[in-house]
Structures are given as structure tokens and as C-alpha cells.
Amino acid sequence: MTTLPHTHRVLERLDSDLAELADLSLPPLADDEITHLLDQCTALTDRLSVATARIAAAADQRRLGDSDGSRHTAHWWARRANLTRGDAGRRLRFGHHLAHPTYAVVATALLDGELRTDQAQVIIETVEDLPDDLDPGTRTKARDHLLSCAREHDARALRILGKRILEVIDPDRFEEEEGKRLEREERHANATARITLTNDGKGRVWGRFNIPALHGELLRQQILALADPRRDDPEPTDAGHQDGAATGQHSDRRSGPAITPERMGHAFMELIESFPADRLPSHAGSTVALNVTIDLSQLRKELGVASLEDGTRISAAEARRLACRSGILPAVLDGSSEVLDLGRTRRLFSTAQFRALALRDKGCTAEGCGMPSRVCHAHHDIEWSRGGATDLTNGRLLCPHHHRLMHDPRYRSRSAGNGMITFHRRN
């Protein structure tokens with residue numbers, strides 16, 4: 001009989017035990033047995049994560065990834081286990097940290113079932129982020145304090161406590177370091193602030209944004225104010241109050257749980273629609289946030305179609321609703337209009353002319369530019385100083401960049417057809 005290596009025997013037992021656990025019949029178990037089983041399985045998951053991380057660290061020390069030319073052990077492991085490289089890298093770093101003497105007690109707490117994996121990661125990250133010149137004794141004090149806090153706080157709360165750990169372990173230094181940390185975070189948040197909006201072609205726009213915490217909290221409070229169900233019924237009834245007090249439950253429909261993600265979404269829409277147009281930067285005297293174009297015959301139909309500046313189509317019913325909001329300009333074709341041809345009576349394009357140019361040009365008229373009309377300038381094809389009229393036939397929209405090129409002697413422009421122009425650098 002062949003004797004299996006010790007590691008093989010361990011893995012065989014583990015595999016057999018896990019298979020038995022997975023096949024365990026749960027319905028016959030009592031509630032306290034289910035509770036005990038859940039507690040033990042949770043602890044076993046964390047104990048297994050420690051073993052996996054330690055083994056991965058050992059593989060890295062032996063450079064096993066060199067066997068197939070991988071650039072790093074994490075890449076080698078990711079391919080073998082179908083992990084993402086990021087996940088493999090995080091697990092590998094976790095293993096190296098657990099193997100360090102500083103975090104031996106963290107590994108022990110995980111193995112004893114006293115700590116969760118995400119709590120351990122927060123403790124390690126917090127200690128690693130402390131100032132480099134802190135003495136080892138102070139770092140140990142920070143680690144032990146967080147381990148103590150982990151008995152009562154989950155990883156999210158532990159991370160919040162970790163941001164103020166210096167206040168506990170070194171109060172004299174906390175204020176200075178806290179100020180530096182906040183300034184670093186704020187500079188980074190401002191430098192990386194961004195938003196992306198994508199039209200899915202099915203009547204929806206998907207977005208992602210990254211803004212500083214201050215502005216994120218302001219936005220959240222604004223949306224919550226609009227989403228608050230008490231706006232629908234601002235006067236609470238005695239009966240409703242008594243019901244909630246008697247049961248101890250949020251039975252009143254105006255309670256917190258009623259603020260659903262869907263309600264927040266509608267509140268965000270209301271915030272966008274109600275933003276005062278006169279607070280927006282203007283071009284040619286225009287503060288209109290959005291032009292909605294619709295044919296008069298379509299407007300009269302129950303089921304008609306209107307268009308936004310970028311070509312997005314909306315229903316006539318939505319266009320009629322938007323016409324009641326500030327910052328929305330309904331442009332009804334074939335209806336009565338303002339005087340758009342001012343000829344030589346004035347140099348600058350009027351608000352009405354800029355609106356008409358925006359409807360016609362849809363944005364910058366430089367070939368391939370794509371900048372929206374909202375950020376464009378109204379330009380005279382024949383300069384006003386040379387006798388050009390301030391009217392639509394002599395006007396076009398150009399973004400600030402292409403407007404500068406239009407007046408830059410190093411460039412010449414020519415018509416590209418369809419109302420567009422191209423620029424070429426002179427030799």
C-alpha cells in the first residue's frame with residue numbers, strides 16, 4: 001500500500017469533510033443547531049482563507065510563477081485558479097502580511113475564529129498606513145487596539161475607527177497627521193473627480209461618477225430632501241404616530257424604509273429638472289439648459305415625437321411636460337418665432353439667434369468635433385468688422401478651441417459640406 005504524503009492526506013480529509021457538510025440535511029436540524037452550524041462555517045471560511053494566503057505567500061517566495069514565465073506569482077495563480085489578477089494580488093499580499101511577525105496575532109485570531117477576514121485586512125491596512133517614523137511599540141499599540149475593537153465592530157465600522165487611531169495611540173500627533181491626511185484625500189478627490197454618462201439607446205442614460213466626499217454628502221442630502229415621503233403628507237396623524245409607538249415597527253408609510261432606490265432616482269430627476277436655469281453660465285445671453293424641438297403637428301398629436309439637441313427622441317407627452325419646467329425651451333417649428341435676422345443693427349448674436357443656431361448646428365460645426373452647443377460660441381463666417389451680417393446665414397457654432405483656430409493665422413478653414421468646416425495648418 002502506497003503511503004500518501006501528509007499534505008495529500010490532509011487535503012483528502014478536508015475534501016471529504018466539506019463534501020459531507022455540503023450534503024448535510026438541514027430541515028431536521030433545530031434552530032440552535034442551524035445557528036451553531038452557521039457560526040462554525042463562518043469561522044471555518046476565515047481559517048481556510050488564512051491557510052490559502054499562507055500557501056500563496058510560500059509559492060511566491062519560491063517564485064513558482066517562473067515555471068511558465070509569468071511576470072508575477074499573482075498572475076500565475078490567477079490563471080491556474082481563474083481568479084482576477086487583482087484578487088490574486090490582494091490575497092497574496094494578505095498572505096505576506098500574515099506571515100510578518102507584526103501580524104502574527106492577527107493570523108492567530110483568524111485561526112481561532114475570533115476575527116473575520118475583512119476585519120483582518122482593515123487592521124493590516126490601517127497599521128500599514130500609519131506614518132513611517134512611528135516606533136514599533138506605537139504600531140503594536142494600534143494593532144492591539146483595533147483587534148480589541150473588532151470584537152464589537154464589523155469591517156466597515158473598524159475602518160472608520162482606524163482613521164482616528166492616532167488619536168488613541170498618540171493624541172499629541174493626531175491633529176497634525178489628521179490634517180495632512182485630510183488634505184491629501186481632498187486633493188486626490190478633487191483631482192480625480194469625474195462623471196461619465198452613456199445613452200443605452202433604449203430611453204435610459206447610465207452614469208458613473210466620482211466626486212469628493214463633501215460634494216457627495218451634499219448631493220445625498222439634496223436627494224433625500226426631495227425623496228422624503230413626508231413631502232406628500234407633511235402633517236403626521238396621531239393614529240399613525242401611536243401605531244408606530246405601540247408596535248415599535250416602522251409601520252408609518254413616511255418612515256425611513258420608504259425611501260427606496262427608486263424614490264431616490266425620481267428625486268434625482270426632480271433635482272435636475274428644477275435646477276434654476278439662471279444659475280447656469282450663459283452664451284449669447286442664453287441661459288436655456290435644454291432645447292426641445294417638436295413640429296407643431298406632432299405637438300398636437302396624442303402620440304408624437306420630439307427631439308433634443310443631441311438627436312435623442314422623446315415623446316410629445318414628455319415634451320409638453322418639460323415645457324412647464326424652468327430651463328427648458330420648447331422650440332415649436334412652423335409656429336410664431338422671434339426676429340432672427342438682425343443684419344447690421346448689432347454685432348453680437350442675440351439669445352434667440354443663439355437658440356436657433358443651437359437647433360440647427362447641434363454643436364460645434366468643426367468636422368469631427370462633437371462638442372455640444374451649450375459650450376460653443378456664435379461665430380460670424382464673414383467677420384462683422386468686414387461687413388458680415390449678424391444673422392443665421394452668416395453664423396455658426398464653434399467650440400472655444402475651434403473658435404480660436406478660426407482666428408489663428410496659422411490655420412485656414414474650408415467647407416466640408418453639410419454645414420461643417422475643416423481646419424488645416426498652413427505650411
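1. Glu217 is partly exposed in this predicted model, its relative accessibility being 34%. Its side chain meets that of Arg220 in a salt bridge, with a nitrogen-to-oxygen distance of 2.9 Å, and Arg220 is likewise partly exposed, at a relative accessible area of 40%. Both Glu217 and Arg220 belong to helix α11, which covers residues 213-227, and they are separated by 3 residues, about one turn of the helix.

2. The salt bridge between Arg143 and Asp144 deserves a separate comment, with an N to O distance of 2.9 Å between the two side chains. Arg143 is buried, because its relative accessible area of 9% is under the 20% cut-off, whereas Asp144, at 35% relative accessibility, is partly exposed. For the tally as a whole, the rule applied here gives 11 salt bridges, and the pair of Arg143 with Asp144 is one of the bridges described in this note.

3. On helix packing, α2 and α4 come together with their axes 7 Å apart and at an angle of about 90 degrees. The two helices are therefore roughly perpendicular to each other, since the angle lies in the range of 65 to 115 degrees. On the α2 side the contact is made by Val50, Ala53, Arg54, Ala56, Ala57, Asp60 and Gln61, and on the α4 side by Arg91, Leu92, Phe94, Gly95, His96 and Leu98. Sorted by residue class, the contact of α2 with α4 comprises 7 nonpolar, 3 polar and 3 charged residues.

4. Most residues other than glycine have a negative phi. Arg63, however, has a positive phi, near 55 degrees, without being a glycine; this residue sits in the loop that links α2, residues 31-61, to α3, residues 73-81.

5. Asn82 is placed in the loop between α3 and α4, the latter helix running over residues 85-99. With a relative accessibility of 73%, Asn82 counts as exposed.

6. For the chain as a whole, the secondary structure amounts to 17 helices and 10 strands. The chain has 427 residues, of which 30% count as buried, and it exposes about 28,600 Å², with carbon and sulfur atoms supplying 54% of that area. When contacts between residues at least 6 apart in sequence are considered, 51% of them join residues at least 24 apart.

Terms used. Residues numbered from 1 in each chain as written. Predicted model: local features only at pLDDT ≥ 70, side-chain atom pairs only at ≥ 80, totals over all residues. Heavy atoms only, no water. Helix = DSSP H or I, 4+ residues; strand = E, 2+ residues; numbered from the N terminus. Buried < 20%, exposed > 50% of the residue type's maximum accessible area, 1.4 Å probe, protein only. Contact = heavy atoms within 4.5 Å. Areas by Shrake-Rupley, 256 points an atom, 1.4 Å probe, with all protein chains shown as cover. Axes fitted to C-alpha atoms, helices over the stretch in contact; angles between N-to-C directions. Parallel < 35°, antiparallel > 145°, perpendicular 65-115°, else oblique. Nonpolar A, V, L, I, M, F, W, Y, C, P; charged D, E, K, R; others polar. Salt bridge = Lys/Arg side-chain N within 4 Å of Asp/Glu carboxyl O.
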